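User: I would like to learn how to read a helix end and a chain contact. Please take me through one case.

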Amino acid sequence: MITGILNPARVVEQLVKQRVTHMVTLPDSETRHMYDRLIAEPTIHVIPVSREGEAIPVAAGLWIAGQRPVISIQNAGLFESGDALRGLAIGIDLPLVMFIGYRGYTRHGDTPDSAARILEPYLHLWGVDYFTVESDADLDRVPMAFERAERRSQPVAVLIGTEYAKE
Amino acid sequence: MINYRDAVEIINRDRKDAVCVTTMTQTRYWYAVSERPELDIGISNGMSKASSLALGVAIGAPDRRVIVLDGDGSLLMNLGSLVTIAGQKPGNLYHFVFDNGMYAVTGGQPLPNPKVDYPAMALAAGYAHARTFSDAEELASDLPGVFGRPGPALVHIAVTPEPAAAGVDQTWESNRKMPAQLRAAQSALQAR
């Protein structure tokens with residue numbers, strides 16, 4: 001059982017501290033309260049995409065233009081984004097933090113949801129480092145993810161292992 | 001129809017200091033005429049994603065004109081990007097679609113449907129304007145007017161098919177160069 005809640009406002013505070021300029025996203029059920037909080041944050045521009053595979057190339061373009069984007073998509077959407085992750089994140093050494101909704105996550109690991117069962121092996125396979133966030137108590141992992149992405153000049157995932165709380 | 005070489009030469013004449021994102025066959029022709037390689041972004045490692053990456057550049061550098069030289073087969077793999085682009089309303093984005101009705105780089109196999117009305121699709125998605133060119137002289141005379149109107153604009157160019165003419169610059173070498181090329185473009189944009 002996961003104790004504590006994940007408060008969207010605390011996550012947005014972390015993004016502001018990291019000087020994030022844009023959140024490229026396709027909303028999912030785990031992140032809907034996060035979306036509400038984000039669109040209220042004046043310093044971060046939310047860019048909705050039509051399918052998850054667009055998120056990484058849009059973020060890459062923003063980065064080329066000198067911006068500091070992140071993306072937020074569900075694990076199923078990350079699988080859909082596979083070729084973009086390969087060619088336009090890993091392949092161009094893009095220091096991108098990717099917030100990934102961990103649909104189906106259970107702390108004990110027993111889940112019927114293949115999107116959850118496959119996620120961590122998938123990231124290991126691609127050599128993508130990740131940090132899991134289950135509640136506000138884990139938010140120190142967000143700056144760790146940004147530091148790792150910059151240091152490795154590679155995409156790094158923050159896996160959101162719970163539904164954001166309603167504010 | 002317009003041949004590739006004429007089309008890119010005409011576009012290059014009106015380029016000025018625009019960022020130019022290219023993909024597939026367009027990249028090879030564009031690199032032969034471009035005089036601003038530091039502002040060129042060749043997508044050699046992500047078919048279909050040129051329009052999405054160009055959108056990111058256009059949003060991130062709103063005072064810079066951004067041109068994307070897309071292909072019909074590439075756009076078909078990322079059609080939702082028309083809606084995403086239209087939703088963001090980037091006035092500085094000009095989306096060229098080179099329509100040869102085929103997958104040229106793989107030998108000329110036909111698209112699932114080679115008769116698609118791309119300007120109509122773009123307008124339905126919410127682009128500010130869109131039109132087709134099939135004559136080089138008309139493209140040359142009217143392109144300044146296209147660039148003179150805020151985007152997002154879709155410029156559909158009916159090109160003479162050149163199946164597997166010389167292959168696409170889709171090699172280990174071009175992929176290996178991408179990180180440095182993108183960082184050069186990033187530096188050029190930040191130096192403005």
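Analyst: Just after α5(B), Lys89(B) has a positive phi of about 55 degrees. Helices (H or I, at least four residues) and strands (E, at least two) are DSSP runs, numbered from the N terminus. This is a predicted model, in which local features need pLDDT of at least 70, side-chain atom pairs count only at pLDDT 80 or more, and totals for chains, interfaces and linings use all residues. Residues are numbered from 1 along each chain as its sequence is written, chains are lettered from A and ligands numbered from 1 in the order in which they are written, and side-chain values use heavy atoms, with hydrogens and water left out.

User: Which residues of α5 of chain B are buried?

Analyst: Buried means under 20% relative accessible area (1.4 Å probe, protein chains only). In α5(B), residues 80-88, these are Ser81(B), Leu82(B), Thr84(B), Ile85(B) and Ala86(B). They pack against β2 of chain A, and against elements of chain B including α3 (50-60) and β4 (93-99).

User: How many residues does each chain bring to the contact?

Analyst: Contact means heavy atoms within 4.5 Å. Chain A gives 29 residues and chain B gives 29 residues.

User: What area do chain A and chain B bury between them?

Analyst: Buried area is the accessible area (1.4 Å probe) that two parts lose on being put together, summed over both. Here that is about 2,200 Å², 59% of it on carbon and sulfur atoms. Trp63(A), Ile64(A) and Leu88(A) supply 26% of the area that chain A buries against chain B, more than any other three residues.

Conventions
Buried < 20%, exposed > 50% of the residue type's maximum accessible area, 1.4 Å probe, protein only.
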